[in-house]
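Please read the following alongside the coordinates. The text goes from the pairing of the chains to the parts within each chain.

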2 protein chains.
Amino acid sequence: MDERDLKRVVRDVIGTGQTLDDCAVIPCSGGLLVATTDMLHETTDFPPGMTGWQIGWMSAAVTLSDIAGMGARPGIVLLAVGLDRGERLREILIGAKACCDSCGAELAGGDLDAHRELTIVSSGIGFADTGWVVRRQGAVPGDLICITGPLGRAQAALEGYADYSRALLEPIPRVREGTLLARAGVSSMMDISDGLVISLYDLLEANACGYSVDSGKLPLLEGVHAEKSREYSLFGGGDFELLFTCRPDLLPLPDVSCIPIGVVIPEQRVLVDGNDVPCQGYLHTWNHDDAGE
Amino acid sequence: MDERDLKRVVRDVIGTGQTLDDCAVIPCSGGLLVATTDMLHETTDFPPGMTGWQIGWMSAAVTLSDIAGMGARPGIVLLAVGLDRGERLREILIGAKACCDSCGAELAGGDLDAHRELTIVSSGIGFADTGWVVRRQGAVPGDLICITGPLGRAQAALEGYADYSRALLEPIPRVREGTLLARAGVSSMMDISDGLVISLYDLLEANACGYSVDSGKLPLLEGVHAEKSREYSLFGGGDFELLFTCRPDLLPLPDVSCIPIGVVIPEQRVLVDGNDVPCQGYLHTWNHDDAGE
């Protein structure tokens with residue numbers, strides 16, 4: 001079964017209402033709660049050389065980024081940690097707490113277990129006023145497609161550009177930007193986890209319109225050849241910027257970096273420089289050899 | 001590092017405020033949220049022969065039981081599922097949804113991942129009015145110690161008493177009982193996950209008093225020798241009953257089965273039939289062989 005089959009199973013069993021967005025949304029005495037959970041484990045998510053502190057930071061960051069993608073304020077993060085070696089716990093927790101602190105969230109506990117492979121699941125709760133949560137659904141033709149910062153840096157780091165390794169190993173969840181964008185009234189939003197093009201396809205799934213990106217508007221990565229930079233920006237994973245759509249007259253926004261990279265179109269297609277682009281990203285390149293398991 | 005060392009690390013880094021109870025507690029517009037997360041995985045939590053449906057049920061049940069242990073109403077459950085084989089997903093989700101439905105909770109999504117060993121983390125959010133959450137802290141000498149039902153059944157099933165296998169494989173979270181007990185004003189509460197004696201030690205840690213249990217008051221398990229029954233009830237894990245303390249004049253309570261099994265004492269000790277009893281439970285007995293990993 002591939003990922004698409006698995007998604008279909010999920011939607012068969014629990015419906016589509018809560019599964020289209022970065023978080024589930026629950027009404028709660030006059031406001032809204034958002035909630036999300038993310039599983040990370042050593043062989044696929046923690047590149048060799050990543051410190052325990054960075055593993056902890058990353059584990060909290062993926063969840064805080066999902067909350068940011070809804071435009072919500074993070075409340076708490078819980079970590080379920082399956083440890084291969086108990087000695088790793090302290091640095092992981094310190095890193096996770098640092099990331100939570102940086103976003104105004106509380107690391108509020110979790111669960112500990114022994115596991116053959118280091119496995120961390122972070123779950124988070126965020127808060128929003130009713131009407132101020134931004135979903136993937138909501139774009140209309142004519143809206144601008146924007147990002148909150150340069151893309152492709154995490155991928156560049158994976159490809160050996162050491163200057164970008166911090167972007168890969170200590171990504172910054174765009175919590176401040178998410179809440180400001182929600183308040184400004186952007187029409188749809190998500191965090192870019194698996195790459196820009198894959199994220200545009202995720203938006204496509206939730207909307208009756210399409211997305212046309214001008215790759216010339218993607219910021220070039222300093223020190224990376226222009227063609228590679230464009231490729232990493234379109235298809236590279238690991239960036240924690242936000243992807244959103246908004247009416248053109250909404251920009252510029254004070255206090256948020258918003259980079260327009262294209263426009264929402266009536267046809268349900270994802271175009272880059274006028275050409276259809278397939279739904280693809282890079283595979284993680286740090287996979288350990290699973291053979292023999 | 002043993003479990004005690006690991007707990008110390010957690011409390012060093014994130015403090016004790018949120019780590020003493022079954023759930024973290026967060027104020028939320030006039031009420032309280034409770035949140036919890038639990039990691040389960042094949043080698044230690046899913047006995048051979050357990051169906052996918054039961055694995056799903058169990059995964060939701062552990063989290064719903066933690067919410068019940070606080071006296072809160074469950075809202076949503078999220079599942080992060082690390083799958084060894086995609087084919088297992090559907091039954092797992094159907095089982096988890098059945099358990100959520102039975103408790104009035106919504107299975108609201110989660111995360112999917114590939115994993116060498118089936119690993120499921122369920123996270124849950126519950127709601128309570130301010131003042132109606134019950135914590136582990138709160139017992140006073142003279143309070144009764146009570147349970148919501150017979151203990152030791154899951155352990156009996158593990159020891160081969162097939163009549164009790166449903167108690168082991170499809171435990172019922174005591175959500176209804178938990179909310180009724182909270183409303184009645186019990187003084188402290190938790191769910192019994194790892195065994196009665198271990199749970200009493202957990203309560204000890206949160207209180208300035210002790211616990212004296214009369215093993216003659218533990219309901220005997222039909223078909224199990226009295227001595228074994230007593231042993232399973234004291235030390236066996238896997239039961240999802242609630243353990244609580246309350247003023248003697250609070251009982252009986254309409255609509256909740258409350259079995260008094262002892263009394264809260266001023267000395268910080270755990271006594272069974274007047275004798276100190278060590279902090280111990282059974283080890284899981286279905287552990288696969290981890291050698292060679």
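The copies meet through the same surface, because 100% of the interface residues of chain B are also interface residues in chain A. Contact here means that the C-beta atoms of two residues, placed from the backbone, lie within 7 Å. The model is a predicted one, in which local features need pLDDT of at least 70 and side-chain atom pairs count only at pLDDT 80 or more, while totals for chains, interfaces and linings use all residues. Residues are numbered from 1 along each chain as its sequence is written, and chains are lettered from A and ligands numbered from 1 in the order in which they are written.

Chain B gives 48 residues to the contact and chain A gives 48 residues. On the side of chain B that touches chain A, at least two residues each come from α1 (3-14), β1 (24-28), β2 (31-41), β3 (73-83), α4 (89-102), β4 (106-114) and β5 (119-129) of chain B. Helices (H or I, at least four residues) and strands (E, at least two) are DSSP runs, numbered from the N terminus. This side of chain B consists of 23 nonpolar, 15 polar and 10 charged residues. In that division Ala, Val, Leu, Ile, Met, Phe, Trp, Tyr, Cys and Pro count as nonpolar, Asp, Glu, Lys and Arg as charged, and the others, Gly among them, as polar.

Chain B is superposed on chain A by a rotation of 180° with 0.0 Å of shift along its axis, at an RMSD of 0.0 Å. The two copies are therefore related as by a two-fold rotation axis. The superposition is by least squares on the C-alpha atoms of residues with pLDDT of at least 70 in both copies.

Within chain A, the domain assignment (automatic or from a database) gives domain 1 (22-129) and domain 2 (144-276). Their C-alpha centres lie 23 Å apart. The contact between them takes 16 residues from domain 1 of chain A and 16 residues from domain 2 of chain A. On the domain 1 side, α3 (52-69) and β3 (73-83) of chain A each give two or more residues, and α3(A) has the largest share, 10 residues.

In chain B, 7 strands form an open sheet of mixed pairing, in the order β7-β9-β6-β10-β8-β11-β12. Strands β7 (188-191) and β12 (275-276) of chain B are at the edges with a single partner strand each, so one side of each has no neighbour in the sheet. Two strands pair if DSSP finds at least two bridges between them. Strands β8 (residues 210-213) and β10 (residues 259-265) of chain B pair in the antiparallel sense over 4 bridges, and B:Gly210 stands opposite B:Ile265 in β10(B).
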